[in-house]
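Colleague: Before we go into detail, please show me the model, and then let us work through it one question at a time.

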Amino acid sequence: MVAHSLPTANIDYNDPVRKQLIAAKREHAKNQKKDYSHVFSVLMEIFSFNFSPKSRFDLIRLSAIVMAIEFAYAAETAFVSPILLEIGIDHSKMTMIWGISPFVAFFVSPLMGSISDKCRSPLGRRRPFILILSIGIVLGLLFVPYGKVLGILLGDYGDEVASHANDTKIGVHHTPALHPEGSVFESYKWAVMFTIIGTILLDFDCDNCLTPARAYLLDVSLPENHAKALSTSTMMAGAGGCMGYLLGGFNWEATFLGEFFGGNIKTVFAIVTVIFLIGLLVTITSFREIPLPLMDKDEMLRPITQVAINRAKDKVLREGVQGRTTEPVVLTLNDLSTKNKGTQIENNEAGPSNEVHDDDHQVTFGQYLKSIVIMPKSLRLLCLTNFFSWMSHCCYCLYFTDFVGEAVFKGDPKGQIGSPEHQLYEDGIRFGCYGLAIYAAACCLYSMTIEPLISKLGAKAVYVGGLTIFGVGMLVLGCYPTKELTLLLSITGGVIYATLFTFPFLLVARYHEKGSVRKGQEIPSKVKRGLGTDIAIVGSMLFVGQFTVSLSVGYFVTLLGSTTAIMFAASGFAFLAALSALKVVYMGL
């Protein structure tokens, strides 16, 4: 019996023509100067004959960079705010700093996706961008903890206790003791510059490195493996986040590593940097990509699409061999050749047999903008759903520890340092970090259930259900902010994060595999669209959501007079996302 990783309402992965097409492409790819047959190999669970299958371990190798990025995210979330406060940046300016990265990324990320689709590097289309953005992540991991050290080397006079500032713990904000408030910034002007640059580099490059990482994962996987590949990626992300938060909560100063690196924060960032470099190396050396120039010259090296499958079936029908079960269908290079390059999506009235011819020239900036402004209804709905989803998640993850400190522990962040109110707030911050670790672990575990849930319930039920569960969880937590519910309902945060990591990109890949979308019908397109561009457009809703939340959440807190407004906002946005998800086109998933 053949196992499937996706429901097969519209696509029959056991179709003998489809199997022969994959086999022909795989054999042809194997005979190139460099072996690219892995691109057309399937997981062991899909087929069991005449293939060199990938394994779940191969998907883990491809997703190692995602896990490494989550380690960097955890270090950023835990320590960047205390560091910024320590060098004299107040809370209002800190909010502006956090808003720079999503604002820039919203415009740059889709453009990078479009450029990636047309990258002609011998390394492929995705790995060059992963490498470039990884350089920025490493620089951020160095500038953030060592910004003050670099500042002192360049002339910052700081204060005499600066060398001990690295003992900051998660959620504990220290203020320099030897300078009045108005002079701290001048004392650390170079440190401020390096730390802000490091923060922007770390946040921007972590967010944007996920786009080529996902595209790379999908490019070297067959469509029937996309659900398993994305669920594996989500599992790795959850594991990385969970271990990252636990890593940040450990007291490294009591170890020889803490003594060697000079403090808790520097030790954590050093360990995260090493982990990131290992994850990067594992991923980029896992599977080689087929360079775009080769795909331009050789159509047998291009991805499997529904258009190619339909063309192969037409060949079978022309030769009158439809229905044969004893003789194999022989597909040759000429049979599979076409001038059509890539997958397109648009709403139009053309019939299924019409083929769309693509030009060889690069996508212009005007065409790129057009692909964003003029997109199919299916992508618009998916973007809207992802936008509300990210607004909901950002309300939770960016302000959760503050909510726990004030609403759950009844602490006061403005209280006198050492006072009972301020101590309660710091205790709440640390307790909130345990909730975030649970949320990351729940993301990892839930991601492993997404694929079987889709098979049993369908993508629509699982997508809408995941968003609704989070909305209910945040509503309950806002009404009853207790320690027990804080930990218990953090599980729902993992559910929405796994959902965000999986469904939008699974659906985009599905749209491209089918070649077009119009109310669930196959309709060829006349507008050039790349997978990388559309993944970047859908993924950029993270930046819009984060930027919008940063501008609006303060108003909600002021209006309600309590940080419980954060949980109510997260719940409301989750319900809006669930309503939008009801209208998303699922293409039979």
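Colleague: What relative accessible area does Asp296 have?

Modeller: The cut-offs place a residue as buried under 20% relative accessible area, as exposed over 50%, and as partly exposed in between (1.4 Å probe, protein chains only). Asp296 counts as partly exposed, because its relative accessible area is 28%.

Colleague: On what basis are such values given?

Modeller: This is a predicted model, in which local features need pLDDT of at least 70 and side-chain atom pairs count only at pLDDT 80 or more, while totals for chains, interfaces and linings use all residues. Residues are numbered from 1 along each chain as its sequence is written, and side-chain values use heavy atoms, with hydrogens and water left out.

Colleague: Which residue meets Asp296 in a salt bridge?

Modeller: A salt bridge here is a side-chain nitrogen of Lys or Arg within 4 Å of a carboxyl oxygen of Asp or Glu, and by this rule the count comes to 7 salt bridges. In one of them, at 2.8 Å from N to O, the side chain of Asp296 meets that of Arg120.

Colleague: How many residues apart in sequence are the parts that this pair, Arg120 and Asp296, ties together?

Modeller: Helices are DSSP runs (H or I, at least four residues), numbered from the N terminus. Among the salt bridges is the one between Arg120 and Asp296. Arg120 lies in the loop between helix H4 (91-117) and H5, whereas Asp296 lies in helix H11 (residues 292-297), so the separation of the tied parts in sequence is 176 residues.

Colleague: Which helix holds Glu451, the salt-bridge partner of Lys228?

Modeller: The side chains of Lys228 and Glu451 meet in a salt bridge of 3.1 Å, N to O. Lys228 lies in helix H8 (residues 226-249), so the pair ties together parts that are 223 residues apart in sequence, with Glu451 in helix H16.

Colleague: At what angle do H15 and H16 pack?

Modeller: Axes are lines fitted to C-alpha atoms, for helices over the stretch in contact (heavy atoms within 4.5 Å), and angles run from 0 to 180 degrees between N-to-C directions. Residues including Phe400 and Val404 in H15 meet residues including Gly428 and Gly432 in H16. The axes of H15 and H16 are 5 Å apart, and the packing angle is about 145°.

Colleague: Where does Lys410 lie?

Modeller: Lys410 has phi near 60°, a positive value in a residue other than glycine. Lys410 is exposed, with a relative accessible area of 58%, and its place is the loop between helix H15 (377-408) and helix H16 (420-457).

Colleague: Which helix supplies the largest share of the nonpolar patch?

Modeller: The nonpolar patch on the surface is formed by Val149, Leu153, Leu154, Trp190, Met193 and Ile197, with about 520 Å² of accessible area together. Helix H5 (127-153) and helix H7 (189-219) each supply at least two of its residues. The largest share, 3 residues, comes from H7.

Key
Patch = residues over 30% accessible without salt bridge, like charges linked within 9 Å, V, L, I, M, F, W, Y side chains within 5 Å. Areas by Shrake-Rupley, 256 points an atom, 1.4 Å probe, with all protein chains shown as cover.
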